[in-house]
Amino acid sequence: MTLSFHSILVGVDDSPDALFAFRTAIDIAKESQAKLTIVSVLESDTMNVYQALDKDYIHGERAALEKHLKDYVQTAKDAGIYHVQAVVGEGDPGKTIARDIIPALNPDLLVIGAKAQNGVAKYFGSQAAYMAQYAGISVFIARDPNSTPDPHPLHQKGD
């Protein structure tokens, strides 16, 4: 059985697992000759109340994120993906991707990293699980084979 996808959505946040997910999504898109959409979510819960109320601050953060996503788009194009776009969401990453972005774009595969960058790492294990459960499409959760896994709390010595 050969899997083929027409539209792939990949979530990026610059964590090692997300970068591995991005490279994996490029490989799958090339193999399937699929459209690739790169998404990143501007998280309002990482802002303090003053930043969240400052429209200039939010606009500046969104503009910086959009500019950064252009690098991802160019990398995908350089790798031979010709139908590629970037999307910025706002809010909780798991909910925004599953509830808003997937229904709007209708991809048939979501590729995400297992863990997020340090600032949101405490949320992302649950984010990946949330997206896998509620995305409504196939989800590929990528883990960089070169990253060090976090110790499982049940496997701690001395307990």
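What follows is a walk through this structure, from its sheet to its cores and aromatic pairs.

The model is predicted: local features need pLDDT of at least 70, side-chain atom pairs count only at pLDDT 80 or more, and totals for chains, interfaces and linings use all residues. Residues are numbered from 1 along each chain as its sequence is written, and side-chain values use heavy atoms, with hydrogens and water left out.

Start with the sheet. It is open, has five strands and pairs in parallel, in the order β3-β2-β1-β4-β5. Strands here are DSSP runs of E, at least two residues long; helices are runs of H or I, at least four residues long; both are numbered from the N terminus. Two strands pair if DSSP finds at least two bridges between them. Strands of a sheet pair through backbone hydrogen bonds, either parallel or antiparallel. The edges belong to β3 and β5 (138-142). Each has a single partner strand, so one side of each is left without a neighbour in the sheet. From one strand to the next, the twist averages 25°. Axes for such angles are lines fitted to C-alpha atoms, for helices over the stretch in contact, and angles run from 0 to 180 degrees between N-to-C directions.

Now look at β1. Its parallel pairing with β2 runs over five bridges. Its parallel pairing with β4 runs over three bridges. V10 shows both sides of this arrangement. Its bridge partner in β2 is I38, and its bridge partner in β4 is V111.

How enclosed is β1? Five of its five residues are buried, so β1 is largely enclosed by the rest of the structure. Buried means under 20% relative accessible area, exposed means over 50%, and partly exposed lies in between, with a 1.4 Å probe and protein chains only. In a regular strand the side chains alternate between the two faces of the sheet. In β1, S7, L9 and G11 are on one side, I8 and V10 are on the other, and all are buried. S7 has a relative accessibility of 12%. Leaving out residues up to four places away in sequence, S7 touches A34, K35, N106, P107, D108 and L109. Contact means heavy atoms within 4.5 Å.

Next comes α1. Together, β1, α1 and β2 make a right-handed β-α-β unit. Right-handed means that, with the strands pointing away from the viewer, the path from the first strand over the helix to the second runs clockwise. The helix α1 lies across β1, β2, β4 and β5, and runs at about 150° to β4.

In soluble globular proteins, nonpolar side chains tend to be buried together. A nonpolar core is a set of buried Ala, Val, Leu, Ile, Met, Phe, Trp, Tyr and Cys residues joined through side-chain atoms within 4.5 Å. The largest one here has 25 residues, of which I8, V10, F22, L36, I38 and V111 touch the most other members. Two or more residues each come from β1 (7-11), α1 (16-32), β2 (35-42), α3 (55-78), β3 (84-90) and β4 (109-113). The most come from α1, with six residues. A second, separate core has eleven residues, among them I112, A128, M131 and A135.

Take V111 as a guide to the surroundings. Leaving aside neighbours within four places in sequence, V111 is in contact with I8, L9, V10, G11, A21, A25, I28 and F140.

Which rings pair? Rings of Phe, Tyr and Trp (its six-membered ring) pair if their centres lie within 6.5 Å; planes under 30 degrees apart count as stacked, over 60 as edge-to-face and the rest as tilted. By this rule there are two aromatic pairs. F22 and Y72 are edge-to-face, at 4.9 Å centre to centre with 85° between the planes. This pair links distant parts of the chain: F22 is in α1, Y72 is in α3, and they are 50 residues apart. F22 is buried at 5% relative accessibility, and Y72 is buried at 7%.

The other pair is Y130 with Y134, tilted at 4.7 Å centre to centre with 45° between the planes. Both are in helix α5 (residues 121-134), four residues apart, so about one helical turn separates them. Y130 is buried at 19%, whereas Y134 is partly exposed at 47%.

Finally, return to α3. This helix also holds A63, which is partly exposed, with a relative accessible area of 35%. A63 and V88 are 25 residues apart in sequence and 9.5 Å apart in space, C-alpha to C-alpha.
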